[in-house]
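Colleague: Could you take me through this model, starting with the packing and ending with the sheet?

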Amino acid sequence: MNHYAPSANLRRRSVLAGAAGALACSIGSAWAQAYPAKTIKLVVPFPPGGSVDTVARALQPTLQQQLGQPVIIENKPGASSVLGAQAAMRAPADGYTILLNASLQVVNPMIMGTPTYDLEKDFTPITYLGALPQLVLVSAQSPYNSLKDLLGDAQQRPGRVQWATAAYGAAGHLAAEVIKMRAKVDMPIVPYKGGGPALTDLIGMHVAAMVEPMASGYPHVKAGRLKALAVTTAKRLPELPDLPTVAESGYAGFDMPSWYGFWAPAGTPKEVVDRLNGEIRTAMQAPAVTSRLGAMFFQPVVSSPAEFSAFIRNEVAIYKEVIATAKIRVNE
C-alpha cells in the first residue's frame, strides 16, 4: 500500500485550486483587455498652474489618445496635497482613479502628528516620472549674488535671514532645511499656502530666499524679478551653464530635485497597473509631451512599478534623517 498517495479530499482540493487559478488568470487577462472602458480620473492634489498640474496637463492629451477614453484632471488641493491623496486612496481600486503627486506623497505621513494614509498599505506605485531641478532664489533687488553671500549673511545675523517655502514638507522646504544644516546657520522657515504667494513675498523682499522648482521659479528669473543663486541638482543644467550647483557652492554631494510619480489605490489589479505603466512610459516619449516638459526643464526618468517602489524606499530613508534632524512636524 502506498501510504503517501493523496486522499480523495486532497485530490479534489488540488483540482479545485487549479480551476480557481485558471479562472483568476482568465478574469485578470480579460480585465486587462477590457480596460479602460470608461473615463479615467487623474487626481492632482494642487491648484491649477503649479508644477504638478503642469506635468499632468502635459501628459493628459497624449494619454487620452493612447487609452481611447477620456482622461479628466481633477484638481483637489488642500493640506499640502493630503486631501487629494485621500480622495484617490478612497476611490475604487479599478484603475479608473489615479494620482499624480510630488515627493509630498511620501513626506506627508512622516511629518503629520496623525497620518491620514499609509503610503505602502493604501497606494500602489505605478511609475516614477522624473524630476524638476530646483533653484535657490532671491529677489532681483537682493544684495546676494551667490549662495555664499546668502549663507554668510545668515551666519552674521542668526534668525534674521528667512527662507520662504510653498508648503511644509515640500521638496523646496526639505532642500532649504538641508542647506541650513550643512551650513550650520539659523535661518527660520516661513511656510506659505502655495508657491504663488511665497514667490510674491520673495520678489518684494519680505523674505530673503526660497528653494522652488524651475517650472514656477524660473519664469520670474527670466522676467528679471528674481535671481537664481544655485541649482539643486548634482550637475549644472546645460541650459544654464553659468549657474553653479549647491554642491559646487561648498556642499559636496547635494542633490535634491523635486520629483513626481503616479499612484493607484491599493488593490488595483496588477494587469491594470502594468497597462497604465506602459501607456505612461510611451506617452512620456511622445514629441508633444517631451516638448512641453522640456520647456519646464523636466528630467524624465520613467520606471517599472518595482523600480518606483525601490526608489521610494530610498527616498524615505533620506527624508527620515532630514525630518528628524530638522524636527519637522505639521501643527494639527
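Colleague: Which residues does Leu 150 touch, not counting residues up to four places away in sequence?
Modeller: This is a predicted model. Leu 150 lies in helix α6, residues 147-156. Leaving out residues up to four places away in sequence, Leu 150 touches Val 136, Tyr 144, Val 161, Trp 163, Met 187, Ala 208, Ala 209 and Leu 229.

Colleague: Why does Leu 150 count as buried?
Modeller: The cut-off for buried is under 20% relative accessible area. Leu 150 counts as buried because its relative accessibility is 0%.

Colleague: How far apart are Leu 150 and Leu 229 in space, C-alpha to C-alpha?
Modeller: Leu 229 is among the residues that Leu 150 touches. In sequence the two are 79 residues apart. In space, C-alpha to C-alpha, Leu 150 and Leu 229 are 8.9 Å apart.

Colleague: How many residues of strand β9 are buried?
Modeller: Strand β9 covers residues 226-231 and is mostly covered. Its buried residues number 5 of 6.

Colleague: Which residue in β9 is the bridge partner of Leu 135?
Modeller: Strand β5, residues 134-139, runs antiparallel to β9, and 5 bridges join them. Within β9, the bridge partner of Leu 135 is Val 231.

Colleague: What geometry does the aromatic pair of Trp 259 and Phe 308 have?
Modeller: The whole structure holds 11 aromatic pairs. For Trp 259 and Phe 308, the rings are 6.1 Å apart centre to centre, with 90° between the planes. Planes over 60 degrees apart count as edge-to-face, so the pair is edge-to-face.

Colleague: How many residues apart are Trp 259 and Phe 308?
Modeller: Both Trp 259 and Phe 308 are buried. Trp 259 is in strand β10, residues 258-265, and Phe 308 is in helix α12, residues 305-326. The pair thus links distant parts of the chain, 49 residues apart.

Colleague: Which residues do ring pairs link into a cluster with Trp 259 and Phe 308?
Modeller: The cluster is held together by ring pairs and contains both Trp 259 and Phe 308.

Colleague: At what angle does α12 run to β4?
Modeller: Helix α12 lies across two strands, β4 (123-132) and β10. To β4 it runs at about 70°.

Colleague: Which are the edge strands of the open sheet of 6 strands?
Modeller: The strand order is β2-β1-β3-β10-β4-β11, with mixed pairing. An edge strand pairs on one side only. The edge strands are β2 (71-75) and β11 (299-300).

Colleague: In β2, which residue is the bridge partner of Ile 40?
Modeller: Strand β1, residues 40-44, pairs with β2 in the parallel sense over 5 bridges. The partner of Ile 40 in β2 is Val 71.

Note on methods:
Residues numbered from 1 in each chain as written. Predicted model: local features only at pLDDT ≥ 70, side-chain atom pairs only at ≥ 80, totals over all residues. Heavy atoms only, no water. Phe/Tyr/Trp six-rings, centres within 6.5 Å; stacked < 30°, edge-to-face > 60°. Helix = DSSP H or I, 4+ residues; strand = E, 2+ residues; numbered from the N terminus. Buried < 20%, exposed > 50% of the residue type's maximum accessible area, 1.4 Å probe, protein only. Pairing = 2+ DSSP bridges. Contact = heavy atoms within 4.5 Å. Axes fitted to C-alpha atoms, helices over the stretch in contact; angles between N-to-C directions.
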